[in-house]
Amino acid sequence: MSIRDWAAIRRALILGDSYNSEVNAHFADPTGDTARDAVKNICLVQSNDSALIAQQRIRFFREEVQKTHLKPTIVGQPKIDLDADVKYHPEVTVVLKQSLTSVPRGKYPKDARISWRLMNETSESLTFTKMNDVAALVYQQFFQNRFNFNKGKFIGWYISPLDGLNLQLYCLDATEAKRVAKYVVQAIGKTWNDSIFKVTSPDRDNIATPEQITILGKQKDAPIWRPNITVNSSKANINVWGAGNEEFELVGRLANGQFYAVSRKS
């Protein structure tokens, strides 16, 4: 490869929607972490890099940062074709949202999701009558008294495949995480197992007031990492394997702010 050829390739890696653009997008979330910034700089191809150095940078980004060698790629086959071979049980999801009155001006409300699978049902066995029964349970347990919890940086885990549960709850503290997990388990008629429940606490702290950063000459709030907020039950739906893009709503919000407990196909 001639020097001229390499110079053209290097420009392509640096400019436009190419390699350096991908690296910048991967590290786009500003954290103020100097070590993370240093890793980013190692990955970026520079204008004076030789072909060997650029190759090492790209390999480091792919293998050490993205770990692409641990993520097998499927080429030429649509994902839906693979999904067809895995028949999963119907999944119920309760969506919780931050109250609009607590959202700072110009910001969007944060949300959370709690879900579980109906292990005693399949797409073939599920009926609209059964969905209405699920809707009634969901309404009674999560909407009649507006279920809510305090979201934060601690993660509560409750994984019980036989019960259709794979809970990953971001909560304010360990006590809140356990309260929410236990409530969900018991609300859907399962038996709580204390030995299954686990909590992880990241070393990184979250802040209530975002720092100010300059983006394109304008002062903006930096993204808040796992903010401390309260989320309330907002709506619920059920995902049915093989139903395509059809959405089955269990509990939805009416214009007057009231909730109803019926299944409907959109």
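Student: How many aromatic pairs does a search of the whole structure find?

Tutor: The search finds eight aromatic pairs (rings of Phe, Tyr and Trp, the six-membered ring for Trp, with centres within 6.5 Å; planes under 30 degrees apart are stacked, over 60 edge-to-face, the rest tilted). One of them joins F142 and F147, edge-to-face, with 5.5 Å from centre to centre and 85° between the planes. This is a predicted model, in which local features need pLDDT of at least 70 and side-chain atom pairs pLDDT 80 or more, while totals for chains, interfaces and linings use all residues. Residues are numbered from 1 along each chain as its sequence is written, and side-chain values use heavy atoms, without hydrogens or water.

Student: Why is the pair W192 and F197 called tilted?

Tutor: The planes of W192 and F197 stand at 45°, with the ring centres 5.7 Å apart, so the pair is tilted.

Student: Are F142 and F147 buried or exposed?

Tutor: F142 is buried at 0% relative accessibility, and F147 is buried at 8% (buried is under 20% relative accessible area, exposed over 50%, partly exposed in between; 1.4 Å probe, protein chains only).

Student: Which residues of α6 are buried?

Tutor: In α6, residues 128-143 (helices are DSSP runs of H or I, at least four residues; strands of E, at least two; numbered from the N terminus), the buried residues are M131, V134, A135, V138, F142 and F143. They lie on the same side of α6, because their arc around the axis is only 105° (taken from the directions from the helix axis to the C-beta atoms). T129 and D133, on the other side of α6, are exposed.

Student: What is the phi of R146?

Tutor: R146 is not a glycine, yet its phi is positive, about 45°. R146 sits in the loop between α6 and β3 (148-151) and is partly exposed, at 32% relative accessibility.
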